[in-house]
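Colleague: Can you walk me through this one? I'd like to start with the strands.

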Amino acid sequence: MTNPAPARLLIVGPPGAGKGTQAGRIADRYQVPAISTGDIFRANIKGKTELGQRIQAIIESGELVPDALTNEIVADRLSQADAAEGFLLDGYPRTVDQVHALDAVLAEQGAALDAVVLLEADTDAVVARLLNRALVEGRADDTEEVIRHRQEVYAAQTAPLIALFDGRGILVSVDGLGDIDEVAARISAALDLALGR
């Protein structure tokens, strides 16, 4: 089967739903770069760039990286040649204001998001998965209480985004639980249908 044409995509889902794993597969299938704001932040911090130093100072103070800075970073990344025909965003946008900033950047390129993949997962199943991962990786801070709180924060923050993308008719909901290959196949089938391919 030939790879489908590039597309401008976004993946969202609760912590522990397997977004990172599936993002790589989607990016490979559609021959687009997987762009994670977290990875960009970490790379800049590790490379001790001016941007990295700004981000590190913000994080060390316990604050969240402000929308304006995140928007600037993403706009810069989307202006690079490998993202001209398509991309897969993971971890951005996180707020309705960030969605509008992304819309503006894409509008300048005469483009728009093609589809938003929502990985759905039962909260109890995700909590169990993350508790197991915490045990295996020795993450003592990842208690059930902390994990459940992250799930609640995610749900509260993303509900308006999911409603907005659903209203645009570009939301593609996929069951995120199960074997990695099964989930990848579900995503491919749902995206091909949504994109008319």
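Colleague: In what sense do E1 and E4 pair?

Modeller: E1 and E4 pair in the parallel sense, over four bridges. Two strands count as paired if DSSP finds at least two bridges between them. Strands (E, at least two residues) and helices (H or I, at least four) are DSSP runs, numbered from the N terminus. This is a predicted model: local features need pLDDT of at least 70, side-chain atom pairs count only at pLDDT 80 or more, and totals for chains, interfaces and linings use all residues. Residues are numbered from 1 along each chain as its sequence is written, and side-chain values use heavy atoms, with hydrogens and water left out.

Colleague: Which residue in E4 is the bridge partner of Leu 9?

Modeller: Ala 115.

Colleague: And how many bridges join E4 to E5?

Modeller: Five, and E4 and E5 run parallel. Leu 118 stands opposite Ser 173 in E5.

Colleague: Why is E4 largely enclosed?

Modeller: Because five of its six residues are buried. Buried means under 20% relative accessible area (1.4 Å probe, protein chains only).

Colleague: New topic. Which residues of H7 are buried?

Modeller: Ile 147, Gln 151, Tyr 154, Thr 158, Leu 161 and Phe 165. In an α-helix there are 3.6 residues a turn, so residues three or four places apart point the same way.

Colleague: What do the buried residues of H7 pack against?

Modeller: Strands E1, E4 and E5, and helices H5 and H6.

Colleague: Where does H7 kink?

Modeller: At Thr 158, by about 40 degrees, shortly before the proline Pro 160. That angle is between axes fitted to the seven residues ending there and the seven starting there.

Colleague: What follows H7?

Modeller: Gly 169, with a positive phi near 75 degrees.

Terms used
Buried means under 20% relative accessible area, exposed over 50%, partly exposed in between (1.4 Å probe, protein chains only). Contact means heavy atoms within 4.5 Å.
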